[in-house]
Amino acid sequence: MTKAKNDRNFDSIAGKFQQNIYATSKGKLREKVLQRDLAELPQLQQGSCQILDVGAGQGQLALWLAEQGHQVHLTDVSAEMLAMARDSAAERGLLSHTTFSHAPMQHLVQQGVQYPIVLCHAVLEWMADAKQAIADLWALTAPGGTLSLMFYNIDAKRFSNIVYGNFNYVLRDLTYKKKVHLSPQNPLDPQQVRDWCIAQGFVVQSKTGVRCFHDYLRDRSEQETEFEQLLAVELRFNRQEPYASLGRYQHLILHKPA
Ligand SMILES: C[S@@+](CC[C@H](N)C(=O)[O-])C[C@H]1O[C@@H](n2cnc3c(N)ncnc32)[C@H](O)[C@@H]1O
């Protein structure tokens with residue numbers, strides 16, 4: 001099993017992340033798309049469900065699920081991110097529907113726990129060994145259960161950089177001269193991730209692109225000023241090719257056969 005030590009801990013950037021991602025059109029759009037996709041899961045429509053959120057961060061999605069009566073376990077290597085999630089849970093009266101563990105997901109695998117629903121959103125691209133992480137997520141998903149996996153798409157990163165004229169950066173294979181802290185360290189090839197999931201035994205139930213259009217607008221101010229219309233367009237076309245494959249993140253719903 002991969003050690004978590006090279007996975008990215010968000011302790012030093014928790015505050016920045018809150019401000020630069022969750023509070024912007026990027027974060028709001030992502031939240032709405034994930035909520036639409038998750039609301040369609042039959043298990044979540046049939047009463048209270050046990051859910052594991054791996055790399056839960058500030059618990060945006062986890063707390064939305066807890067609000068609907070589900071029991072959610074949030075795990076993260078960052079004490080700061082988890083403290084923010086716990087504070088929000090307390091403020092929203094959700095402590096009875098949430099539990100927290102400050103631990104890498106690899107520890108949960110060692111404990112042999114399994115959940116009918118596992119979320120892993122925007123974590124894979126921060127991990128040292130993404131392929132091993134898929135095997136770990138398989139181990140954490142109960143037979144007959146579902147993994148909701150969202151990861152950062154290298155194809156979309158390349159495409160948006162070309163649209164914005166960053167040709168040298170693209171020709172340098174997307175490597176920065178300086179480290180950029182809020183930019184994922186290991187953008188992933190969607191075909192490769194899909195192949196790993198299928199080789200592991202998962203059945204792909206759906207694929208959605210997240211931010212299929214948002215990042216490519218000519219006038220970026222429209223990301224905020226035209227948010228509602230942009231959201232409507234994203235929700236309408238983000239499962240349709242070629243747009244789905246252009247999403248900055250890919251969201252896969254994966255079924256583990258019983
Ligand atoms: C980009 S944040 C995503 C947070 C949240 N899932 C979301 O979608 O907003 C990635 C999170 O993964 C956590 N993380 C990285 N490696 C981890 C590991 N091995 N086990 C658990 N959490 C991990 C980081 O500390 C960070 O909080």
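Is Asp155 buried, exposed or partly exposed? Asp155 is partly exposed, with a relative accessible area of 34%. Those words have cut-offs: buried is under 20% relative accessible area, exposed is over 50%, and partly exposed lies in between, with a 1.4 Å probe and protein chains only.

Before going on, a word on the source. This is a predicted model, where local features need pLDDT of at least 70, side-chain atom pairs count only at pLDDT 80 or more, and totals for chains, interfaces and linings use all residues. Residues are numbered from 1 along each chain as its sequence is written, and side-chain values use heavy atoms, with hydrogens and water left out.

Now the whole chain. It has twelve helices and seven strands. Helices (H or I, at least four residues) and strands (E, at least two) are DSSP runs, numbered from the N terminus. The radius of gyration is 18 Å, close to the 18 Å of the globule rule for 258 residues, so the chain is as compact as a globular protein of that length. That radius is taken over C-alpha atoms, and the rule is 2.2 Å times the number of residues to the power 0.38. Buried residues make up 50% of the 258.

Back to Asp155. Its salt-bridge partner is Arg158, with the closest N and O atoms 3.5 Å apart. A salt bridge here is a side-chain nitrogen of Lys or Arg within 4 Å of a carboxyl oxygen of Asp or Glu. Both residues sit in helix 8 (residues 154-163), three residues apart, about one turn of the helix. An α-helix has 3.6 residues a turn, so residues three or four places apart point the same way. Arg158 is also partly exposed, at 34% relative accessibility.

The structure holds nine salt bridges. Next, Asp215. Asp215 bridges to Arg211, with the closest N and O atoms 2.7 Å apart. Asp215 also meets Arg248 in a salt bridge, 3.2 Å from N to O. This second pair links distant parts of the chain, 33 residues apart: Asp215 is in the loop between strand 6 (203-210) and helix 11 (222-225), and Arg248 is in the loop between helix 12 and strand 7. How accessible are these residues? Asp215 is buried at 8%, Arg211 is buried at 8%, and Arg248 is buried at 11%. There is a network too: salt bridges link Arg36, Asp37, Glu40 and Arg239.

On to helix 4. Seven of the eight residues of helix 4 (residues 60-67) are buried, so the rest of the structure largely encloses it. Trp64 is among them. Just after this helix, Gly69 takes a positive phi of about 100 degrees.

Two other residues have positive phi without being glycine. Ala122 has a phi of about 60 degrees. It is in the loop between strand 4 (115-121) and helix 7 (130-140). Asp173 has a phi near 60 degrees, in the loop between helix 9 (167-171) and helix 10 (190-200). Which is buried and which is exposed? Ala122 is buried at 14%, whereas Asp173 is exposed at 65%.

Last, two prolines. The peptide bond from Glu241 to Pro242 is cis, with omega near 5 degrees. Pro242 is in the loop between helix 12 (227-237) and strand 7 (249-255). Pro143 is in strand 5 (residues 141-152). Pro143 is partly exposed, at 49%. Beyond its neighbours within four places in sequence, Pro143 is in contact (heavy atoms within 4.5 Å) with Gln114, Lys256, Pro257 and Ala258.
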